[in-house]
Amino acid sequence: MQRQELMKRFLKGTDKTGRFVVSSKITGITYFVEPLDNGKPDKLWGDVDPATNKLTGDYGNKVIGAVKEKNSLITKNNGFVNILTFKGSPLGEIDRRDKMYETQ
């Protein structure tokens, strides 16, 4: 996939996918971030019906800000290298990698 087409697809519907791009002003490296959806969240959220005291609405599944792994655009076939899946802040990992690349 060409870079321009990939960028267009990557940034389409970011509210739903959670995808974003960070460009380092120090190293010039562009980092693509794509949160992965690994199933239902630990806690469901919605509205509490005061009559039944039960949770209504399934808001956590409508717009989750992540993609299923099978729908990921960050793949070797799309030209990505140094692909890493981890828990925690992607911005912290970007900062760590950027400092590492800066010293090399």
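The largest pocket of this predicted model is lined by 29 residues, and those nearest its centre are Phe-32, Glu-34, Ile-74, Leu-84 and Phe-86. A pocket here is an open set of points on a 1 Å grid over the protein atoms alone, where a 1.4 Å probe fits, with protein on both sides within 12 Å along at least five of seven lines; lining residues have an atom within 4 Å of a point. The space in the largest pocket comes to about 850 Å³, the volume being that filled by probe spheres set on the points, which are joined across faces, edges and corners. Helix 4 (90-103) and strand 2 each give at least two residues to the lining, and helix 4 has the largest share, with five residues. Helices (H or I, at least four residues) and strands (E, at least two) are DSSP runs, numbered from the N terminus. Sorted by class, the lining holds 16 nonpolar, eight polar and five charged residues; Ala, Val, Leu, Ile, Met, Phe, Trp, Tyr, Cys and Pro count as nonpolar, Asp, Glu, Lys and Arg as charged, and the others, Gly among them, as polar.

Residues are numbered from 1 along each chain as its sequence is written. Local features need pLDDT of at least 70 and side-chain atom pairs count only at pLDDT 80 or more, while totals for chains, interfaces and linings use all residues, and side-chain values use heavy atoms, with hydrogens and water left out.

Strand 2 (residues 30-33) also runs antiparallel to strand 1 (residues 20-23), joined to it by four bridges; strands pair if DSSP finds at least two bridges between them. Phe-20 has Val-33 as its bridge partner. Six residues separate the two strands of this hairpin, and Gly-28 in the turn has a positive phi of about 80 degrees.

Asn-53, in the loop between strand 4 (47-49) and strand 5 (54-56), has a positive phi near 60 degrees and is exposed at 62%.

Definitions and conventions:
Buried means under 20% relative accessible area, exposed over 50%, partly exposed in between (1.4 Å probe, protein chains only).
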